[in-house]
Structures are given as structure tokens and as C-alpha cells.
Amino acid sequence: MGTFPALTRSLGHYCIKKSRSFYFPNPHVYSNGHQYQTHRTLLILDSLSSESVRLRRLSDSDSGIVEVNLDRPAAKNSIGKEMLRGLRNAFETIESDVSAQVVLICSSVPKVFCAGADLKERKTMTPSEVQDFVNSLRSTFSLIEAFNVPTVAVIEGAALGGGLEMALSCDLRICGEDAVLGLPETGLAIIPGAGGTQRLPRLVGKSLAKELIFTGRKINGREAMSMGLVNYSVPAGEAHSKALEIAREIIQKGPIAIRMAKKAINEGLEIDLPSALELEEECYEQLLNTKDRLEGLAAFAEKRKPSYRGE
């Protein structure tokens, strides 16, 4: 457990540093070096998968989509120390993959997305160890929230406690109609400590968030969509297909534009409107001299599909 405080501090610095950066390297400009980089990235994606968190890059036309698969069936994907390390490693690995355009967080375990924290492991911790672990969990979810490409939570089955907090840190959430979502922490005499008290009200409003957290009430996919907690509620078993549909739409757009849009929205909502409009101007300026912008105009004039390269 001694490594968690240091990891929390380093990743907090990492999130701030990355969120302020406007430099987005592009693999296509490296010619033969790009081929080496892509091959090396594929090897990294394979080698750094942990036992409970596995990375998978989709192929062919979906090559900009990367899946982070939660795979801890015996514990219903509950988050313990090993899974937390796996999540950190996964996102740090994807960050080094300059061709990644969308990340899907999925579950390999039927009927469960993530059941929350590993309470059996939690019972063995001292109060200070619990605090360190929760702090590390919170910073990991902040890393996901600040990640420079869109993230999508693909929810089938239970997303409870820390599992829902992880989904809340994603840009989009798609669930099956029979999904079960909730923050039951008050029933354990604690509160959601990995961002739930802050991200939930920002999505559904203060009053609804208070009701869900005070009561610990669980809701299904349809109710979650009606209150704005998820973007789509689809028939059970179809959340992954819907997520792929949306991801495929995203990867057809200008990669730098998507990153700038995410930055402008995320950071703009945390400041006053005049400052947010200045931020939007700064983000727009970053796109003016890109080859992708010129390609978009040319494709429109020539009535063809644009071919964006992230340049």
C-alpha cells in the first residue's frame, strides 16, 4: 500500500500537465518510424494487460478504438489493489498510443460491469490504508475524466459504488435496459469517495443526486436515461454494439478537433462563461493551421469523405 500515495501525487500532476497541453503527436508523420511505433504499441497493449484488466485494440476500419476490459469474474469485477493498478497501467499505456481515438471501458463478465470496491480486501485494511486506496481510486478516475480522447462506459448488469463512479468519469455512458446502477455507500456508513458526490449532481442535478446518495436507491437503465445519467439505454446485451456504433462515428471526425472539443467542454464548465469563451477561442486557434482543417474543406468542396490524419 505504500506506493499508492506516490502514485496519487504523480497521476494528479500527470492529469494537470496533460490537460494543459495542446501538443498531439501524430503517427502518420513518421513514415517508417510510424510503422515501428504502431507495431511497438500493439506489443505494449498485449504485454501490459493485467489479470483483471485487459486491453484490446480493434482492427481494420475500427483501429482507432481501444477496449479496456474488466475481467475479474470471481469478484464481480470489484476493484481491489490489483485491478486498480491494472486500470492505471491500461490508461497510461493507451496514452502512449498516438493512434488511439476512442476508449471503451467494458466488462468481460456477464451481467456485471463493476460491483464497486472489493469489500473483502477492504476489511483487511487499516483506516489510513483505506484512505490511501480511496485517494488513489479518486485520482485514477480523474485521470480517466481528463484523458485526452473520448471514453465510453459500456454497462451491462451491475454498476454499483466505485463501478458507477468509474462510469461517471467517462465522457459517455451506454447501458442495457436491465442494468442496475447505484451508489449504496451510505448503507455502509460511508459516502461515495471516488468522485460520486461531485460528478453525479453535475449530470442529474443536485436534488436527484442527493436522493440517490441519501437512500442508496438502485435504478435500471431506462430510469438512468430518463434522468440524464446515461446517454443511451438499449435492450439488454446490445450496449456494446451501440457503443461501437458511436465510437465509429467519432473516429471519422478530425482527431485533434475531438480532443480540443473535449478540452473546451470539460475545462469550460469549471470556470465562468467569459473565461470559458476565451478557452474556446484558444482551442479553436489550435485547429486553424492543421492539415486536417484544410482536408475537411477540400472534402466538402469535392463532395467526398474526408481522410483525417491528425495533423
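Colleague: How much of the protein is buried?
Modeller: Buried residues make up 46% of the 311 residues. Keep in mind that this is a predicted model. The secondary structure comes to 13 helices and 10 strands.

Colleague: What share of the contacts joins residues at least 24 apart in sequence?
Modeller: The share is 69%, counted among contacts between residues at least 6 apart.

Colleague: Why is Asn 77 called buried?
Modeller: Buried means under 20% relative accessible area. Asn 77 has 0%, so Asn 77 is buried. This residue is found in the loop between strand 2 (65-70) and helix 3 (81-95).

Colleague: What is the phi of Asn 77?
Modeller: The phi is positive, about 60°, although Asn 77 is not a glycine.

Colleague: Where does Lys 111 lie?
Modeller: Lys 111 sits in the loop between strand 3 (102-107) and strand 4 (112-114). Its phi is positive too, near 65°, and Lys 111 is a residue other than glycine.

Colleague: What makes Lys 111 exposed?
Modeller: The cut-off for exposed is over 50%. Lys 111 has a relative accessible area of 76%, so Lys 111 counts as exposed.

Colleague: Why is Arg 293 called partly exposed?
Modeller: Partly exposed covers the values between the buried cut-off of 20% and the exposed cut-off of 50%. Arg 293 has a relative accessible area of 35%, so Arg 293 is partly exposed. Arg 293 is found in helix 13 (residues 291-302).

Colleague: Which residues does Arg 293 touch, not counting those up to four places away in sequence?
Modeller: Arg 293 touches Leu 287 and Leu 288. As for Ile 256, Arg 293 is 37 residues from Ile 256 in sequence. In space, their C-alpha atoms are 9.6 Å apart.

Colleague: Which residues of helix 11 are buried?
Modeller: Pro 255, Ile 256, Arg 259, Met 260, Lys 262, Lys 263, Ala 264 and Gly 268 are buried. Here is a general point. An α-helix has 3.6 residues a turn, so residues three or four places apart point the same way.

Colleague: At what angle do helix 7 and helix 8 pack?
Modeller: Helix 7 (residues 196-204) and helix 8 (residues 206-215) pack at about 135°, with their axes 7 Å apart.

Colleague: How do helix 3 and helix 5 (residues 127-146) pack?
Modeller: They pack at an angle of about 25°, with their axes 10 Å apart.

Colleague: What makes helix 3 roughly parallel to helix 5?
Modeller: Angles under 35 degrees count as roughly parallel. The angle is about 25°. So helix 3 is roughly parallel to helix 5. The crossing is left-handed. Among the residues that meet are Leu 84 and Phe 91 in helix 3 and Phe 133 and Leu 137 in helix 5. The contact divides into seven nonpolar, three polar and two charged residues.

Technical notes: Residues are numbered from 1 along each chain as its sequence is written. This is a predicted model: local features need pLDDT of at least 70, side-chain atom pairs count only at pLDDT 80 or more; totals for chains, interfaces and linings use all residues. Side-chain values use heavy atoms; hydrogens and water are left out. Buried means under 20% relative accessible area, exposed over 50%, partly exposed in between (1.4 Å probe, protein chains only). Helices (H or I, at least four residues) and strands (E, at least two) are DSSP runs, numbered from the N terminus. Axes are lines fitted to C-alpha atoms, for helices over the stretch in contact, and angles run from 0 to 180 degrees between N-to-C directions. Contact means heavy atoms within 4.5 Å. Angles under 35 degrees count as roughly parallel, over 145 as roughly antiparallel, 65 to 115 as roughly perpendicular and the rest as oblique. A crossing is left-handed if the near helix is turned anticlockwise from the far one by less than a right angle, and right-handed if clockwise. Ala, Val, Leu, Ile, Met, Phe, Trp, Tyr, Cys and Pro count as nonpolar, Asp, Glu, Lys and Arg as charged, and the others, Gly among them, as polar.
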